[in-house]
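Please keep the sequence and the three-dimensional view at hand while reading.

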There are 2 protein chains.
Amino acid sequence: MKSAGYLANHMARLFAQGLHERIAPLGIVPGQFPALLALWERDGVTQKELVARLDIEQATMANTLTRMERDGLIRRTKHPSDARAQQIWLTAKARGIRDQAYEAANTVNSRALGGFSEKERAQFLDFMGRVIDSMQAKD
Amino acid sequence: MKSAGYLANHMARLFAQGLHERIAPLGIVPGQFPALLALWERDGVTQKELVARLDIEQATMANTLTRMERDGLIRRTKHPSDARAQQIWLTAKARGIRDQAYEAANTVNSRALGGFSEKERAQFLDFMGRVIDSMQAKD
DNA sequence: TAACATTGCATAGCTTGCTATTCAAGTGAA
DNA sequence: TTCACTTGAATAGCAAGCTATGCAATGTTA
């Protein structure tokens, strides 16, 4: 009945909803989070580099970046040596919400794993990592 | 970096993709799976009853049912005593793919949990259930 | 160097989620 | 019995995934 796939889907939706309500006040939405995390670490990169760092398809990234630009989170400039590519830069707005965004994410994770011991928490993350590896393995 | 939320999202997408490629030949898609599971158990029910059994919003269910009708998986008939409601019935086609669909889902789950011992598998399902409960708890 | 192949992004089109809104049908109370 | 509330479902509008395609800029090679 409650298979792993079903539970995974349900759990992921609850994470997204929880994050959504906490970061909405910052002017961002859950789908932008991975891109923001990567860009807070280093910006000025191309879309391709971003895609390489995140487990997301290029087309999805392109659309997400379009919405982020619309929402004033990033700017795109011509790449100095490749006219096909662009460099992606965070705006001041995006830089300014960084700490609060991290805090929101931590709150959601804490709440989700509230009843877990330290050991269980580590085990759970390990399990998910193993599932991801299994499913990504080319057979 | 790899927070629980991030991993949950990634894992759920891999489950959906894995299921997608295995059930596409049957003429169904992952979003229809929960509704099919419920209807294989009992059909002739209303949308409301379906929603009550699945952790999905009414509006999402309505759209999914529309696509299922379009795809020849269900029929809807007038409810005998409430003109607002309809009864939802599986078609022969939907009944005919049941066993193969279960098998596809089992294959995906087995593959995902391939490296898990029986004990780990149970633990993992328990963990996900607890996370879901935590996040659903009204505080 | 002209032709072909590859690469970086964008676009189209679809599914699956969600919230908010609408609307008709049913229910209850004054 | 009428008027207001509630309820079942549909619709609008958006986000975030995906695959498949298109297109211009780069690279490569005969």
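**From the core to the DNA**

In this predicted model, the largest nonpolar core has 66 residues, and those with the most contacts inside it are Ala8(A), Met11(A), Phe15(A), Ala8(B), Met11(B) and Phe15(B). Met11(B) illustrates how the chains meet: leaving aside residues up to four places away in sequence, Met11(B) touches Ala8(A), Met128(A), Val131(A) and Ile132(A).

The contact between the chains takes 37 residues from chain A and 37 residues from chain B. On the side of chain B that touches chain A, α1 (4–23), α6 (98–112) and α7 (118–136) of chain B each supply at least two residues. Of the elements on this side, α1(B) gives the most, with 14 residues. By residue type, the side of chain B that touches chain A divides into 22 nonpolar, 11 polar and 4 charged residues.

Chain A may now be considered by itself. Chain A has 7 helices and 2 strands, and its pattern along the sequence reads α-α-α-α-β-β-α-α-α. Two domains are assigned in chain A, domain 1 (27–91) and domain 2 (97–139); their centres, taken over C-alpha atoms, are separated by 24 Å. Along the principal axes, the C-alpha atoms of chain A fill a box of roughly 50 × 40 × 25 Å. Of the 139 residues of chain A, 29% count as buried. Among the contacts in chain A with a separation of 6 or more, 49% join residues 24 or more positions apart.

Helix α7 of chain B also holds Glu118(B). Is this residue buried or exposed? Glu118(B) has 8 other C-beta atoms within 10 Å and therefore counts as exposed, the limit for that class being 12 or fewer. The C-alpha atom of Glu118(B) lies 22 Å from that of Leu7(B), and the two residues are 111 residues apart along the chain.

The protein chains also lie beside two DNA strands. DNA strand C is surrounded by 28 residues, of which the closest are Lys48(A), Ala59(A), Ala85(A), Gly31(B) and Ala59(B). In chain A, α1 (4–23), α3 (47–53) and α4 (58–70) each supply at least two residues of the surface near DNA strand C, as does α4 (58–70) of chain B. That surface divides into 9 nonpolar, 12 polar and 7 charged residues.

DNA strand D is surrounded by 27 residues, and the closest are Gly31(A), Ala59(A), Ala83(A), Lys48(B) and Ala59(B). Here the elements that give two or more residues are α4 of chain A together with α1, α3 (47–53) and α4 of chain B. The largest share of the surface near DNA strand D comes from α4(B), with 5 residues. The surface near DNA strand D consists of 9 nonpolar, 11 polar and 7 charged residues.

Definitions and conventions: Residues numbered from 1 in each chain as written. Chains lettered and ligands numbered in written order. Predicted model: local features only at pLDDT ≥ 70, side-chain atom pairs only at ≥ 80, totals over all residues. Contact = placed C-beta atoms within 7 Å. Helix = DSSP H or I, 4+ residues; strand = E, 2+ residues; numbered from the N terminus. Nonpolar A, V, L, I, M, F, W, Y, C, P; charged D, E, K, R; others polar. Domains from an automatic or database assignment. Near = placed C-beta within 6 Å. Buried ≥ 20, exposed ≤ 12 C-beta atoms within 10 Å, placed from the backbone. Core = buried A, V, L, I, M, F, W, Y, C linked by C-beta atoms within 7 Å.
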